[in-house]
Amino acid sequence: FALLLLLLVCLGGCASGETADVPGATLGRTVVVDDNGGVFWGYGSYLCSGLAGDPEEMTVNDIAIKAQTTSDIRSLAIYNGYLFLDNEGEGIFRYNMVDMEAGSVTPELVTEKDPNDGFEIWEDQVYFEYGGNLYQVPVTGGEPTAILRNMYTYSVTADGIYFTQKEGGIYRLSFDGALQERLVETGEKCHFVLSGDVIF
């Protein structure tokens with residue numbers, strides 16, 4: 001019962017955040033829902049799933065444990081038929097969702113680098129912050145590439161990567177790295193949220 005209550009609180013908290021998502025970017029979340037109403041979340045090292053029920057009652061039915069990892073699951077994302085997991089201290093893994101439904105759960109390592117605060121997926125690349133730098137790695141795995149150094153926060157959009165640095169300023173970087181522009185001066189350690197054409 002406590003697990004279900006925790007999930008309902010998480011779903012209620014996430015429901016209002018859906019409108020804040022950057023168009024096109026797939027964000028790592030605590031709870032994710034696929035196109036068929038399947039709900040997935042981590043509970044410690046357990047990967048749990050269920051089926052979304054009545055939205056007004058915020059119910060989840062047929063709760064089950066899909067897999068157990070060797071560390072706590074911090075965030076998840078669904079992208080192109082794979083479930084991506086950020087496992088604390090171990091890095092990012094992906095699970096083929098068709099195989100998972102068939103009962104064969106084999107994680108594929110995307111990167112051993114352990115994201116400091118979740119991850120984002122855009123056009124077959126996983127973006128994450130590690131050690132103050134922004135990295136990208138293909139969704140199929142490989143050696144991560146540092147594309148920004150001394151970064152504080154970031155958001156991946158169709159227009160490029162918006163980011164801040166610890167000493168201040170909001171910037172935009174094009175995906176090819178050819179253009180980096182400072183958009184506005186800010187104080188130190190600035191956080192921001194994108195909503196349409198507005199930066200808060």
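Modeller: Rings of Phe, Tyr and Trp, the last by its six-membered ring, form an aromatic pair if their centres lie within 6.5 Å. This model is predicted.

Colleague: How many aromatic pairs does the structure hold?

Modeller: The 6.5 Å limit between ring centres decides what counts. By that limit, the number of aromatic pairs is 6.

Colleague: W122 and F175 form one of them. Is that pair stacked or edge-to-face?

Modeller: The centres of W122 and F175 are 6.2 Å apart, with 10 degrees between the planes. Planes under 30 degrees apart count as stacked, over 60 as edge-to-face. So with 10 degrees between planes and a limit of 30, the W122 and F175 pair is stacked.

Colleague: How many residues apart are W122 and F175?

Modeller: W122 belongs to strand β10. F175 sits in the loop between β16 and β17. The pair links distant parts of the chain, and the separation in residues is 53.

Colleague: Is W122 buried or exposed?

Modeller: Buried means under 20% relative accessible area. F175, its ring partner, has 36% and is partly exposed. W122 has 12% relative accessibility, so it counts as buried.

Colleague: Which residue joins W122 and F175 in a cluster of ring pairs?

Modeller: Ring pairs do the linking here. Besides W122 and F175, the cluster contains Y127.

Colleague: Which residue forms a stacked pair with F128?

Modeller: The centres are 5.7 Å apart and the planes 15 degrees apart. Both residues of this pair are buried. The partner of F128 is Y135.

Colleague: Which residue stands opposite Y135 in β13?

Modeller: Strand β12 covers residues 133-138 and is joined to β13 by 3 bridges, running antiparallel. Q136 stands opposite T145. Opposite Y135 stands A146.

Colleague: Which residue in the turn between β12 and β13 has a positive phi?

Modeller: The two strands form a hairpin with 6 residues between them. The phi in question is about 100 degrees, and the residue is G141.

Colleague: Over which residues is the pLDDT below 50?

Modeller: The chain averages a pLDDT of 86, and 88% of the residues score at least 70. Where pLDDT is low, the predicted coordinates should not be read in detail. The stretch below 50 is residues 1-22.

Notes: Residues numbered from 1 in each chain as written. Predicted model: local features only at pLDDT ≥ 70, side-chain atom pairs only at ≥ 80, totals over all residues. Heavy atoms only, no water. pLDDT = per-residue confidence, 0-100. Contact = heavy atoms within 4.5 Å. Pairing = 2+ DSSP bridges. Helix = DSSP H or I, 4+ residues; strand = E, 2+ residues; numbered from the N terminus. Buried < 20%, exposed > 50% of the residue type's maximum accessible area, 1.4 Å probe, protein only.
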